[in-house]
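Please read these notes with the structure open beside you. Each numbered point covers one topic and can be checked by eye.

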Amino acid sequence: MEALLMGEGLAAAVIARVTIILTLAILACIAMRRSSAAMRHCALAAAATASLAAPFLAAFGPTWALPSVGLMKADEPVDPSSPLPVFEFTHEPEVVPGSGRELMAASPRPTIATPVAASAAPWTWSQRVLAIWAVGAVVAAVPALVVGIRLRRLANASQPLVEGRWDAMVDDLRSRLGGVRCVRLLQSDAVASPMTWGVFRPVIVLPTGAETWPEGRLQAVLMHELAHVARRDALAQVPARLACVVYWFHPLAWWTASRMLVERERACDDLVLAAGWRGVDYAQRLLEVAQGLCGRSGFAGVATMTRTSQVEDRVRAILDASRNHRPLGRRGILALAAATTALAVPLSSARLVAQAPQAPAAAPEAARMTISGRVLDPEGKPLARAKVAVVGHRQRAHESAWLEQAAIVLGEGEADGTGRFRIETPRTSSGRYQNANVVAGSPGFGLGWSAFNLDDAAPTVDVSLQPEQPVELRFLTPEGQPAAGLAVRTLSLTRELPPPARPDPAVRNLVGVNMSPQVPPVLAGLWRGEWNTDDEGRIHLTGLGRGVWASLNLDDPRYFLDLAFAKADAPEGTKRIEVKLKSSLRISGRITGGDDGQPIPDAIVHLITRVNAAGAARGGTARTDAQGPYEVSLPPKSSNLEITISPPPGSPYLTRHEEFPKVPDAMSQTFDLMIPRGVLIEGRVRDRDDRPIADATVCYTPDVDEPTSGPSNLSGRTAGVSSGNDGRFIIAVAPGKGTLSVNAATQDYALKEAVGAYHVRDHAHAFLAYDVHAGQAPVTVNAILDPGSKIVGRVEDPEGRPVDHAEIITAASFAHSRFTWGGTYTIPVRDGRFEIPGVTAGRPTKCWFFDAEHGLGTVVELDPAQAAGGPITVKLQPSGEARMRVVDIQGQPYSASAPLLSIVAEPGPPRLHLARGIPLTEEESKQPLALETPYILFDRRNYGRTVVKKPDADGRASFPQLIPGATYRIYEPTLNGGVETLRWRDFTVAPGQTIDLGDVRIKPGSGG
């Protein structure tokens, strides 16, 4: 024992480790003061157990080397710029060269020198300390031994309660607690309060006279004592008592044991409440028993229902509805025990070693790509020396994106004599960019543009230009006078796709480009983008192609522009448009912090209002100045106002959403708003080589949903942030428990799946749980993303020919925290080849392949191991079709719209039930929710809102071009006991199969 405790200074190291473990337990209890008493009790019990294991792990367990910067050659100068040393795991003793001493792991059997003579020798310091420790341990153990003897005598002297009334009552209460093991029920005049003890043979003793108590009091008493048995509190207290014996000199060991007695009583109270007792009734029974104590006490360390010093606090806890009274299940206990083990092992086996500094890994060079293509006139002939620019809009996680949507010029160039161009740009991805376009212009023609797939490694784009159409606009004030000196700018250009380029030639499709606020320099001579009205209120637009709409905006808060677009469509010459302005509805106010009432500068205030019965929305955005005021202009004919306030990045305040009624006929309204303070979480996003990951999106999701109406704190996308170039992020979250989801800007990292609160599935590159409380200092949480493998392959049609263009849906396409829209987050198949990044090695990845143009598709599971021998070949099969008759809830044919279609990645009840209150069966409520997404996001060619065909007069409709083997879902209204609700129906089709879904109900006006 001496070798174990004292060898090589191990005793001091063990005491230090025990201090750390128990201190962390105390801090954990403080941090978990909003958690249940059962969780705090379990944490303390786990810490006591870990403290007992500390000497053995330190002596015999694996060692964890902690770097030491103080061990170096005596003549070696210190470089203040040297980076800190790194952590390293090792199981071998290390020698520090040139230090003159060795720093080694403790040996299980330290070598002890044998004295030459056996004559009495003075005790060593280690022997003296060991003797003192042994005496203290014996003294500390005596009270527990005495109590054990007294309890044995008490049990032998007590009278058993074996009447049928007692057996029936105990059996009933045991079943209500989930099947508690059998107990001996005794009665004695030697006890003042009910108590229980026994690890293997539990005993409950009631005071004499308990048989005269009212039935309710007896049930409360027995339920509480049985809760101790159910929770095995006697066994849980053993490590704490042993820790007091072993570490009798350590005050934290005694505090831990004492606090466990407090928390276990509260945990048993919670278990009684969970079994169905009302808090008021149970608290009354507790007070009744406590009043009969008359100052008598029980046995130290034994579970008694009414310790006088605790009754008041327990009653307050029982009656406090805001407290967490949830018992801790077996899974929670195992998870907490595993976490304690994971923490105790490295803490108990850590040692210091000196290591040479290691330089951080160099950051990778920014990826580049080349975009090529041609600039053509309306007849398809090349336009030599046309000017070309590549513009895009970055993804923005934070709501400040409303004011930060400036177009980024990714590259510029000029076409050659044959109209061809090649422009090198930064590598785009749908994780980093919302969209990107190649914009071209040439004298005599209006600007033309064409979007490209953001995930293509080498996009090829042809841009067609239309002849220029001059447009003159004249602006008049509400009084009919020329509006001179107005600042007018264009937000975007929009054109209609020609029939050959449309998915359905019979349906119109519009595409646009936004170059605001600054036109790319190479195009500045062809398009201005900003104008000021002359004395007659006129501006002259040049550079518009025939058939193109220009979206206009005024930088003047006095007026609101009803005319959103000016179209260049005159038969010949200049098109002239007169615009009469309207006075705007001016919304103003001040934004302050909810904690201190101080103004919040640089907050983004975004307002949305509905301007007609169809629900068309118009909005405005402003940024607060140093005193917190804002002003936004809206259409005078507005309905309710929706206001979203986004604090500046790095602020501890939460993103807030509120709704207000618009005062009839008012031309101005004031809303002074206060936004609540959250808790900051900061950290870094890095890869496994410690390289920073820029532009990663970090969102938070609380475990408790915000209200669906009234003021609410926004989370998820609307409150997300992006990591900087150094990988750092800082995000404000609502107090309580929740999860951070981290997504890199590219798909090169392994995707994780999590089932969060309310059984919601999600995918991200990392999930980080947190538990914070109001007023807490910033918390640091770092995310390390795992690299993913890549699957390379070919795609063939049923005849074995390469498929030129197709799309691939993966689990990333269904992630709720992604910011992309539509097919931009599908993986492209080009020229028959594909690459799927971010695959986890050894875990099959489900992929949906589809060629929407030719009606081909398949569902496969791919593994990187399959590609070891070369590219994988995926063969597509003919698509299927589902036909139906669309009817209303009364069963009559309905032709106004078709049902909406979702594609399901993982089965389960719909996430929609959280928002729409869809009732679930008991079995469904236990299942993870389905991972699904509207199919329109992937196949716009066949399911876009301007493409999908309505049912005919008899309600006949179909879902065309369905991926064989994929699971699809539709929702139908049903009447359940006279109450209308929604249910869902899943279906799938085989290759080339046409199925009949029969009657599919739809609610008129719901759009499916």
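1. Four strands make up an open sheet, in the order β39-β37-β41-β44, with antiparallel pairing. The edges are β39 (721-722) and β44 (766-772); each has a single partner strand, so one side of each has no neighbour in the sheet. This is a predicted model, and the points below should be read with that in mind.

2. Within that sheet, strand β41 (residues 736-743) pairs with β44 through 7 bridges, in the antiparallel sense. Lysine 737 is found opposite aspartate 771 of β44. As background, strands of a sheet pair through backbone hydrogen bonds, either parallel or antiparallel.

3. Another antiparallel pair consists of strand β18 (residues 471-476) and β22, joined by 4 bridges. Here arginine 474 stands opposite arginine 538 in β22. Which residues lie on the covered face of strand β22 (residues 538-541)? They are Ile539 and Leu541, while Arg538 and His540 are on the uncovered face.

4. Salt bridges number 38 in the whole structure. In general, side chains of opposite charge can pair when their charged atoms come close. One of these bridges links glutamate 263 to arginine 259, with the closest N and O atoms 3.0 Å apart. The two residues are separated by about one helical turn, because they are 4 residues apart in helix α8 (residues 251-274). Glutamate 263 is buried, at 2% relative accessibility, whereas arginine 259 is partly exposed, at 26%.

5. Lysine 387 and glutamate 414 also meet in a salt bridge through their side chains, at 2.5 Å from N to O. Lysine 387 is in strand β12 (residues 387-394) and glutamate 414 in strand β13 (residues 408-414), so the pair ties together parts that lie 27 residues apart in sequence. Both count as partly exposed: lysine 387 has 30% relative accessibility and glutamate 414 has 40%.

6. A further salt bridge joins the side chains of arginine 801 and glutamate 799 (3.1 Å, N to O). Glutamate 799 is exposed, with 58% relative accessibility. Elsewhere, salt bridges with shared partners connect Arg264, Glu265, Asp269 and Arg314 into one network.

7. On the surface, Ile20, Leu24, Leu27 and Ile30 form a nonpolar patch, with about 330 Å² of accessible area together. Isoleucine 30 belongs to helix α2 (residues 10-31) and is partly exposed, at 46% relative accessibility.

8. How many disulfides does the structure hold? The count is 0. Cysteine 244 is buried at 1% relative accessibility, and cysteine 699 is buried at 2%.

Technical notes:
Residues are numbered from 1 along each chain as its sequence is written. This is a predicted model: local features need pLDDT of at least 70, side-chain atom pairs count only at pLDDT 80 or more; totals for chains, interfaces and linings use all residues. Side-chain values use heavy atoms; hydrogens and water are left out. A disulfide is a pair of cysteine sulfur atoms within 2.5 Å. Buried means under 20% relative accessible area, exposed over 50%, partly exposed in between (1.4 Å probe, protein chains only). Patches are made of residues with over 30% relative accessible area and no salt bridge: like charges are joined within 9 Å, nonpolar side chains (Val, Leu, Ile, Met, Phe, Trp, Tyr) within 5 Å. Accessible areas come from the Shrake-Rupley method with a 1.4 Å probe; for residues, only the protein chains shown count as cover. A salt bridge is a side-chain nitrogen of Lys or Arg within 4 Å of a carboxyl oxygen of Asp or Glu. Two strands pair if DSSP finds at least two bridges between them.
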